[in-house]
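Let's take a walk through this structure together. Have a look at the sequence and the fold first, and then we'll go through a few spots.

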Amino acid sequence: MSALPISEIFGPTVQGEGPYAGHRAMFIRFGGCNLSCSWCDTPYTWDSSRFDLRTQIAARTVEDILGQLPASGGLVVLTGGEPLMYSERPVFEELLAQLRARQFVIHVESNATIAPPPPVIELVDVFVLSPKLPNAGRHKLQQDPALARRWIPIAADKEVHLKFVCAGRSDVEAAATLAATWGWPPERTWVMPQGANSRDLQARWPLVLDAAIDHGLNASHRLHVLAWGDVRGR
């Protein structure tokens, strides 16, 4: 296919969470996801029971996508949904190649269930993976939310971070156990509070932060939610 399913393209804004929180960025949000997290903050990208996906997602060519970005330079984040669902398509690799040709720094956010092919790995600067803990609930079609094991050797050569959504101390403990099981370095393991509004985030932040410190992990807030709430395009 010569087009990609895109939910929205927005920015400039800031990366709100994870290892590059606070960095100025553009976002390309893909439609579709192979999981169905109960607390998902972008259900309009995949949940046909609540949204008309025909109006939420549009097939966009690489030229269309580039036309909504600055001419060159800066950070661009591919997110979703789950962008790596399309990583085997030639058009996905074409998009990355065109972004790199325009001197963009490319970050990809993924749920970690899909490891991309080598050409895609080579074109991306940073991957931020968000493996799902039991707090995400059961997934559609009983999809396995486990980290694709091929990420472990990929992370030995690329900058790949883990980022876990945590409601409290027990979630942070579970994240630390998983990271240790996978041999993931603590300096590239992040936890952040679950929540789509500032009230919930602030209530959980001290619990998550204290546990992160105790377990030697990094912690990230959700800056965009603190600033603007649960709104699209920020």
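Ala 112 counts as buried, at 0% relative accessibility; buried means under 20% relative accessible area and exposed over 50%, using a 1.4 Å probe and protein chains only. A quick word on the ground rules: this is a predicted model, where local features need pLDDT of at least 70 and side-chain atom pairs count only at pLDDT 80 or more, while totals for chains, interfaces and linings use all residues. Residues are numbered from 1 along each chain as its sequence is written, and side-chain values use heavy atoms, with hydrogens and water left out.

Back to Ala 112: its phi is positive, about 80 degrees, although it is not a glycine. You'll find Ala 112 in the loop between S5 and H4. Helices (H or I, at least four residues) and strands (E, at least two) are DSSP runs, numbered from the N terminus. Gln 103, in the loop between H3 and S5, also has a positive phi, near 70 degrees, but Gln 103 is exposed, with a relative accessible area of 63%.

Now follow strand S5 (residues 104–110), which pairs with S6 in the parallel sense over 4 bridges; pairing takes at least two DSSP bridges between two strands. Between them the chain passes through helix H4 (residues 118–123), in a right-handed β-α-β crossover: with the strands pointing away from you, the path from the first strand over the helix to the second runs clockwise.

What covers strand S6 (residues 126–129)? Both of its faces are covered, with Val 126 and Val 128 buried on one side and Phe 127 and Leu 129 buried on the other. In a regular strand, side chains alternate between the two faces of the sheet. Val 128 is the bridge partner of Glu 109 and also stands opposite His 161 in S7.
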